[in-house]
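Please look at the chain on the screen while I describe its overall build and then one residue.

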Amino acid sequence: PALIGPVLGPPVGGFITTYFHWRWIFWINIPIGVLGIVLATLFIPDVRGETRTKFDASGFLMSAIGLAAFVTGSTSLGLDVIPMPVGLGMVALGAVMILLYIRHSRIVAAPILDLSLLRVATFRASLIGGSLFRIGVGATPFLLPLLLQIGFGLDAFRSGMTTFVAAIGAIAMKVSAQPILKRLGFRTVLAWNALIGAVFIGLPAAFSATSPQAFLLLVLLIGGFFRSLQFTAINAIGYADIENPQMSRATSLTSVVQQVSLSVGVSVGALVLEASLKARGATHIEAIDFTPAFLVVAVISALSFIVFWRLPADAGHEVSGHRKASAQPDPVTIMRERA
């Protein structure tokens with residue numbers, strides 16, 4: 001169900017932008033948001049922890065100001081949304097507040113974002129490796145529509161009808177994830193699939209206005225499959241060794257880091273576009289400027305291979321079932337024992 005949005009979003013958003021006005025993309029979030037609140041209130045049980053802890057008000061303010069300033073400032077860099085000095089100042093303010101929060105989290109009993117969870121190896125790999133991979137994934141929804149519209153001259157609707165196939169590939173993956181993880185294990189899937197996914201993140205660098213539509217769709221479809229497999233594995237192993245009392249804090253920290261890494265991906269893509277533009281001495285973005293942007297974010301995503309390859313071979317085997325499967329004797333051994 002969560003993938004219905006990515007499937008419908010690009011074509012619907014493109015249709016609204018092309019035939020109505022782009023502002024309606026944001027206005028329609030209001031009734032959908034209200035509906036979400038109502039349905040969550042009606043159908044999601046009000047599950048509470050066994051013990052009540054004091055709300056970390058100081059940590060909330062530090063992390064909220066720090067993350068809001070850092071994300072807003074970093075996302076605006078290279079987009080000419082706000083003056084560059086203001087954007088850099090917000091990034092600096094955010095970084096300072098985040099550092100203050102890290103210090104704060106070490107001295108309070110129940111920090112709002114529990115960084116001590118990073119001591120769990122599988123959770124740490126999921127967070128760090130997942131963040132590196134998400135930088136490339138976060139940049140793609142920003143770079144790809146711009147390439148199709150500014151570089152190739154497509155309107156927003158035709159662009160959306162092209163990019164949505166990545167979500168179709170993601171849906172197709174869902175039935176394959178469990179058998180793949182059981183057969184290969186988390187470390188193998190996460191490490192090697194990080195490289196495969198990074199290749200497909202970088203492949204749009206080879207797109208041109210004369211590229212066959214079938215080629216574009218095939219690359220996006222297959223890329224969506226492998227990216228979704230990576231996210232499924234990252235999310236699963238992230239909670240594999242987290243105890244139930246820590247689950248809520250782990251979920252909160254994961255959600256924050258995911259959103260920050262996605263926004264960093266946008267800022268990295270925008271900065272590389274700006275750098276390519278200035279290197280050419282041009283005033284308008286062209287298709288050639290997207291080539292280095294896709295390659296840079298692909299390389300960053302590929303760096304997650306290092307993080308995932310350092311995991312133990314049996315990491316998360318209770319969830320994947322990999323070690324148990326590999327420990328089963330082969331048929332010849334079974335026949336000998338029976339004889």
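Predicted model: local features only at pLDDT ≥ 70, side-chain atom pairs only at ≥ 80, totals over all residues.

Let me begin with a term: a residue is buried when its relative accessible area is under 20%, exposed when it is over 50%, and partly exposed in between, with a 1.4 Å probe and only protein chains considered. By this definition, 40% of the 339 residues of the chain count as buried.

Residues are numbered from 1 along each chain as its sequence is written, and side-chain values use heavy atoms, without hydrogens and water.

Which secondary structure does the chain have? There are 17 helices and 0 strands, where helices are DSSP runs of H or I with at least four residues, strands are runs of E with at least two, and numbering starts at the N terminus.

The C-alpha atoms fill a box of roughly 75 × 55 × 45 Å along the principal axes. Turning to contacts, meaning heavy atoms within 4.5 Å, residues 24 or more positions apart account for 79% of those with a separation of 6 or more.

Finally, consider H317, which lies in helix α15, residues 317–320. Is H317 buried or exposed? Its relative accessibility is 11%, so H317 counts as buried. A polar atom of the H317 side chain lies 2.9 Å from the backbone oxygen of D314.

How values were computed
Polar contact = N/O pair within 3.5 Å; in protein donor to acceptor, adjacent residues only side chain to side chain.
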